[in-house]
Amino acid sequence: MGSLLVALVIYSLQVRPSPATPGTTGVAPATPRAMTTKAHVSPVGDLAPLGPTSDPDAFARLVADALFEWNTATLVGRSEHVEQLVAVSDPTGESSPGLVSDLDNYLPTEETWAGLAQYETAQWLAIDSVVTPTLWDEAVAQAGNELLPGTAAFTIEGTRHRSGLWENQPVASEQGVAFTVFIVCAPSYAQCHLLRLSRLDEPLD
């Protein structure tokens, strides 16, 4: 099973694109309860680009935050969030179509986004851990020269928070999530770049 999983990881990093599938993460606020925290919402207007970094761990955290932090009550829409992450993707462009498909598993669809806006829904992530998957060394060894030097994987676990309004009352919900971020940094590139993402809650072990 481990070898099969490693093979699938290598395949996903080499073959582009994969078919887009509708987002499944966009839902209205959960059963109303008192809101105990506030989202670190994006400002109204343009979405700030992710700052460049050569630190793999720091970059993985930036990507994780960008994946989950959005606010439908602002003028920043779904497309801006996609563009923010694609802007730091594989410089060759080979991984970009696959990455866009991956993002569909994390971001609400345009239709769902419009529905969530009625509830002023915001989302953000509290990161608990960022670790290299146990199987990653095996994947690199099996790939040989197929992966660029500096290609890395980080499995991130945390809590997804959502807040919004339900019948004009503040509500909030939270849910544990896990996923793997595949990136490439030095020596291939001076700054880190995003390659692909695992499916949400299906991280590499």
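How do β2 and β3 pair, and over how many bridges? They pair in the antiparallel sense, over nine bridges. This is a predicted model, and the report below moves from its sheet to its cores and its charged side chains.

## The sheet

Five strands make up an open sheet, in the order β1-β2-β3-β4-β5. The pairing is antiparallel. β1 (70-71) and β5 are the edge strands, each with a single partner, so one side of each has no neighbour in the sheet. In general, strands of a sheet pair through backbone hydrogen bonds, either parallel or antiparallel.

Take the pairings in turn. The hairpin of β3 and β4 has two residues between the strands, and in it Glu167 takes a positive phi near 50°. β4 and β5 also run antiparallel, with four bridges joining them. Phe182 faces Arg196 of β5 as its opposite residue.

## The nonpolar cores

The largest nonpolar core has 32 residues. Leu67, Phe179, Leu194 and Leu197 touch the most other members. Helices and strands both contribute: α2, α3, α4, α5, β2 (122-131), β3, β4 and β5 each supply at least two residues. The largest share, seven residues, comes from α2. A second, separate core holds eleven residues, among them Ala139, Leu147, Phe182 and Tyr189. In soluble globular proteins, nonpolar side chains tend to be buried together.

What does Leu197 touch, leaving aside residues up to four places away in sequence? Its contacts are Val63, Leu67, Leu99, Asp102, Leu103, Tyr106, Thr180, Val181 and Phe182.

## Helix α4

Six of the eight residues of α4 are buried, so the helix is largely enclosed by the rest of the structure. Those buried residues are Ser96, Gly98, Leu99, Ser101, Asp102 and Leu103. They pack against α2, α3 and β5.

## Salt bridges

How many salt bridges does the structure hold? There are three. Side chains of opposite charge can pair when their charged atoms come close.

One joins Asp57 and Arg61, at 2.9 Å from N to O. Both residues lie in helix α2 (residues 56-68), four residues apart, about one turn of the helix. Asp57 has 28% relative accessibility, so Asp57 counts as partly exposed. Arg61 is partly exposed too, with a relative accessible area of 34%.

Another joins Asp104 and Arg78, with the closest N and O atoms 2.7 Å apart. This pair links distant parts of the chain. Asp104 sits in the loop between α4 (96-103) and α5 (110-117), while Arg78 is in helix α3 (residues 78-86), 26 residues apart. Both Asp104 and Arg78 are buried.

Arg196 and Asp102 form a salt bridge as well, their closest N and O atoms being 2.6 Å apart. Arg196 is in strand β5 (residues 193-197) and Asp102 in helix α4, so the pair ties together parts 94 residues apart in sequence. Arg196 is buried, with a relative accessible area of 6%. Asp102 is buried as well, at 7%.

## A buried arginine without a salt bridge

Arg160 lies in strand β3 (residues 151-166). Arg160 is buried, yet has no salt bridge. Which side chain of opposite charge is nearest to Arg160? That is Asp201, 6.6 Å away. Arg160 does have a polar contact: its side chain meets the side chain of Gln175 at 2.6 Å.

Note on methods:
Residues numbered from 1 in each chain as written. Predicted model: local features only at pLDDT ≥ 70, side-chain atom pairs only at ≥ 80, totals over all residues. Heavy atoms only, no water. Buried < 20%, exposed > 50% of the residue type's maximum accessible area, 1.4 Å probe, protein only. Lys, Arg positive; Asp, Glu negative; His and termini not counted. Salt bridge = Lys/Arg side-chain N within 4 Å of Asp/Glu carboxyl O. Polar contact = N/O pair within 3.5 Å; in protein donor to acceptor, adjacent residues only side chain to side chain. Pairing = 2+ DSSP bridges. Core = buried A, V, L, I, M, F, W, Y, C linked by side-chain atoms within 4.5 Å. Contact = heavy atoms within 4.5 Å.
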